Amino acid sequence: MKKNIIAITGASGVLGKFFMKKYENYKFDIFKGDIKNYNEVKKWVENTSANHILHFAAKVPTHYVKKNYDNSLKVNYFGTKNLVKSMLSTKKFFWLFFASTSHVYKSSKKPLKETDPLKPISLYGKTKTKAENYLLKNIGIKHITICIGRIFSLTDKRQPLSYLVPALFKKIKSNKKKIEISNLNHDRDFIHIDDLCRAINLLKKKRSVGVFNIGSGIAINLFDILKLINNKSKQILHNKNKKKTSLIANISKIKKIGFVPRYKIKKIIKDMQTK
């Protein structure tokens with residue numbers, strides 16, 4: 001097997017596309033089948049020359065998962081099981097990266113550590129928690145090395161309007177001079193997609209095992225993001241929610257292996273404003 005070949009699921013998504021473009025020196029074996037179909041997954045795993053697998057395939061937007069929970073569970077949980085079962089059925093040695101989420105945690109006023117208890121904040125988080133629990137049972141078994149990356153808030157201009165920040169951009173670009181909005185009094189940890197890809201690549205190079213938070217470690221209030229986007233062009237009426245949630249990463253673990261975020265929220269928003 002060649003170390004410069006990476007097998008990847010979810011290659012057509014925002015993260016997959018960005019990672020492949022950033023690391024175009026790698027050769028990618030792209031899964032083009034249905035992750036819910038065990039036979040298709042097994043055939044791909046058996047035929048790949050890669051010994052690194054990036055598992056990005058998932059149903060992500062929380063609104064979508066809420067409305068389509070059964071299908072999301074099949075993709076996020078059972079699709080992951082199909083992948084691991086296929087890996088176990090071979091005699092090949094694999095390092096697997098699983099793209100998880102901060103939504104597996106419950107809201108906390110303190111930065112969240114990888115050892116903190118899991119209590120999914122959303123149905124999306126529930127599907128990822130089930131997948132994580134399955135993966136953790138298989139860490140260290142036979143010939144598979146498993147790394148779980150709990151990705152905190154990621155936003156990018158290529159995301160559809162089902163994601164919060166692109167939706168906020170659309171509101172600001174509307175013809176309305178006054179915008180009414182609610183439920184933005186929440187703190188989140190936003191990571192630039194370039195930083196995220198660097199973190200994943202570092203974990204791959206180290207062949208890291210176990211769970212790692214991937215974020216900036218900085219709390220950003222969602223209403224402050226709207227103000228950054230707005231730049232005082234529109235009047236905003238914000239009806240604050242009574243219950244505030246907070247998902248901020250403690251990134252000391254991934255820092256110990258050499259990861260340092262380069263970009264802050266202003267850079268993220270600036271990049272989203274460019275065409």
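Student: Which residues have the most contacts inside the largest nonpolar core?
Tutor: In that core of 36 residues they are F19, L54, F56, F97, I200 and I214; a nonpolar core here is a set of buried Ala, Val, Leu, Ile, Met, Phe, Trp, Tyr and Cys residues joined through side-chain atoms within 4.5 Å, where buried means under 20% relative accessible area with a 1.4 Å probe, protein chains only. This is a predicted model, in which local features need pLDDT of at least 70, side-chain atom pairs count only at pLDDT 80 or more, and totals for chains, interfaces and linings use all residues. Residues are numbered from 1 along each chain as its sequence is written, and side-chain values use heavy atoms, with hydrogens and water left out.

Student: And what does F97 touch?
Tutor: Leaving out residues up to four places away in sequence, F97 is in contact (heavy atoms within 4.5 Å) with I53, L54, H55, F56, C147, G149, I200, L203 and I214.

Student: Switching to I146, where is that found?
Tutor: I146 belongs to strand 5, strands being DSSP runs of E with at least two residues and helices runs of H or I with at least four, numbered from the N terminus.

Student: Buried or exposed?
Tutor: I146 counts as buried because its relative accessible area is 0%.

Definitions and conventions. Buried means under 20% relative accessible area, exposed over 50%, partly exposed in between (1.4 Å probe, protein chains only).
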